[in-house]
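Subject: Structure for your files

Hello,

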Amino acid sequence: GQKARIMGPNYEYGTKKDMSIKNIQRTVLMMLGRGESVPDVPCGNIVGIVGVDNFIVKTATLTDEDCVDAYPLRDMKYSVSPVVRVAVECANPADLPKLVEGLKRLSKSDPLVQCSTEESGEHIVAGAGELHLEICLSNLQKDFMAGARLNISEPVVSFRETVTTESDRQCLSKSPNKHNRIYAKAGPLGDELCQHI
């Protein structure tokens, strides 16, 4: 029952934002799919900590309760981002609570997957590619929803580009009857126009 400080990714030093103090129920040494409870663990070993998963979304830093001067470890930054999105819904409406809980567990288990709910109420799962998304949806169905069937939409890939500086080339376009010419250069929109939009 040792108490631990749990500092989430939004924790700011000196505040209580995204920080909680909770009891550790037990520490478990994982071996070949089974857990062996251990009273203490020397440095350099990887263990499972039981009793804190409700307070950790994806990442957190755990310290001793009295360690108030500790700074949290920074989140890893990944070179890929979730660009392929699908909408998921239960084939059987009675499985909706399983889906919601499964999406929470999937979001915790994979640092790259993003699960969200649109205003329309549809559940969106976004992954770093079609294969990654396929694996995530398989895990969602088999492991986190106990085999409940899902209806999955076609993948949608969202591309986002923008103009940051004015182009160094001038482009020419002619009308179909060749009497009109349009010369154009690309440039970023001004802040004032973006606010009006």
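**Pockets and cysteines**

The lining of the largest pocket comprises 15 nonpolar, five polar and seven charged residues. Please keep in mind that this is a predicted model.

The volume of this largest pocket is about 820 Å³. In total 27 residues line the largest pocket, and V57, K58, T59, A60 and D75 are the closest to its centre.

Next comes the second largest pocket, with a volume of about 290 Å³. Its lining is made up of 16 residues, and those nearest the centre are Q2, A4, I24, T27 and I49. Three elements, β1 (3–7), β3 (26–31) and β6 (61–64), each give two or more residues to this lining. Of the elements, β6 contributes the most to the lining of the second largest pocket, namely three residues. Sorted by class, the lining of the second largest pocket holds eight nonpolar, four polar and four charged residues.

On the cysteines: how many disulfides does the structure hold? The count is zero. C90 takes part in no disulfide, and the nearest cysteine sulfur to it belongs to C115, 13 Å away. For a disulfide, the two sulfur atoms would have to lie within 2.5 Å. Is C90 buried or exposed? C90 has a relative accessible area of 13%, and because the cut-off for buried is under 20%, C90 counts as buried.

Regards

Technical notes. Residues are numbered from 1 along each chain as its sequence is written. This is a predicted model: local features need pLDDT of at least 70, side-chain atom pairs count only at pLDDT 80 or more; totals for chains, interfaces and linings use all residues. Side-chain values use heavy atoms; hydrogens and water are left out. On a 1 Å grid over the protein atoms alone, a cavity is a set of points where a 1.4 Å probe fits but cannot get out, and a pocket is an open set with protein on both sides within 12 Å along at least five of seven lines; lining residues have an atom within 4 Å of a point. Grid points are joined across faces, edges and corners, and a volume is the space filled by probe spheres set on the points. Ala, Val, Leu, Ile, Met, Phe, Trp, Tyr, Cys and Pro count as nonpolar, Asp, Glu, Lys and Arg as charged, and the others, Gly among them, as polar. Helices (H or I, at least four residues) and strands (E, at least two) are DSSP runs, numbered from the N terminus. Buried means under 20% relative accessible area, exposed over 50%, partly exposed in between (1.4 Å probe, protein chains only).
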